[in-house]
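Please look at the structure first.

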Amino acid sequence: MKFKNMGKKDKIEDVESNVDDTVNETSQAEELTVEEQLQEDLGKEKDKFLRLFADFENYKKRTSKERMELFRTAGQEVILSLLPVLDDFDRALNEISKTEDKELLQGVELIRNKFKNTLEIKGLEEVGTAKGDVFNADLHEAITQIPAPSDDLKGKVVDVIEKGYKLGDKVIRFPKVITGF
């Protein structure tokens, strides 16, 4: 050992120096572990923050979609409740056209057209169904079947009882038809 030829004072100074070096190395190791621990904690907190932020963004998107759907369905209910009025205008025009009062016919036509245009601006479209169209259960609602007046009307629409309407891409009222067999 190197302590044999040293004096007591030298030995004490050398031991103190070794202890100081060991303490410094230990404290540096502890500082690194504390620093590493802090880095790890910071990483965890960042991850929590990012997840919370992503959850909040998803919440905003979901509530926005729900709000838009609510507005769309609220409008759909109002328009659906106004469709019988539009049907009444069509029946009134049909009956008034049989009379000779052209001013009355013209006045009712103006009101009906204004009403229909307002509904069309809100997204209402008529489902085009006419006599002679092939019956499609996905697009038509069959009220009844009657013997076809001619062979070419078998399995087809014989008469349209009530018009159908779409709001956007969704059918809100299917056309009610009579089919031939």
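The largest nonpolar core of this predicted model has 14 residues. Those with the most contacts inside it are Ile79, Leu119, Leu124, Tyr165 and Ile172. A nonpolar core is a set of buried Ala, Val, Leu, Ile, Met, Phe, Trp, Tyr and Cys residues joined through side-chain atoms within 4.5 Å. H1, helix H2 (102-121) and strand E4 (164-167) each give two or more residues to this core. H1 provides the largest share, 6 residues. Helices (H or I, at least four residues) and strands (E, at least two) are DSSP runs, numbered from the N terminus.

Residues are numbered from 1 along each chain as its sequence is written. In this predicted model, local features need pLDDT of at least 70, side-chain atom pairs count only at pLDDT 80 or more, and totals for chains, interfaces and linings use all residues, while side-chain values use heavy atoms, with hydrogens and water left out.

Contact means heavy atoms within 4.5 Å. The table leaves out residues up to four places away in sequence.

| Residue | Contacts (heavy atoms within 4.5 Å) |
|---|---|
| Ile172 | Gln76, Ile79, Leu80, Leu83, Leu124, Tyr165, Lys166, Leu167 |
| Leu153 | Lys131, Gly132, Ala148, Val158, Gly180 |

Leu153 lies in the loop between strand E2 (141-146) and strand E3 (157-162). Is Leu153 buried or exposed? Leu153 counts as buried, at 10% relative accessibility. Buried means under 20% relative accessible area, exposed over 50%, partly exposed in between (1.4 Å probe, protein chains only). The C-alpha atoms of Leu153 and Gly132 are separated by 6.1 Å, with the two 21 residues apart along the chain.

Leu50 sits in helix H1 (residues 8-96). Leu50 is exposed, with a relative accessible area of 54%.
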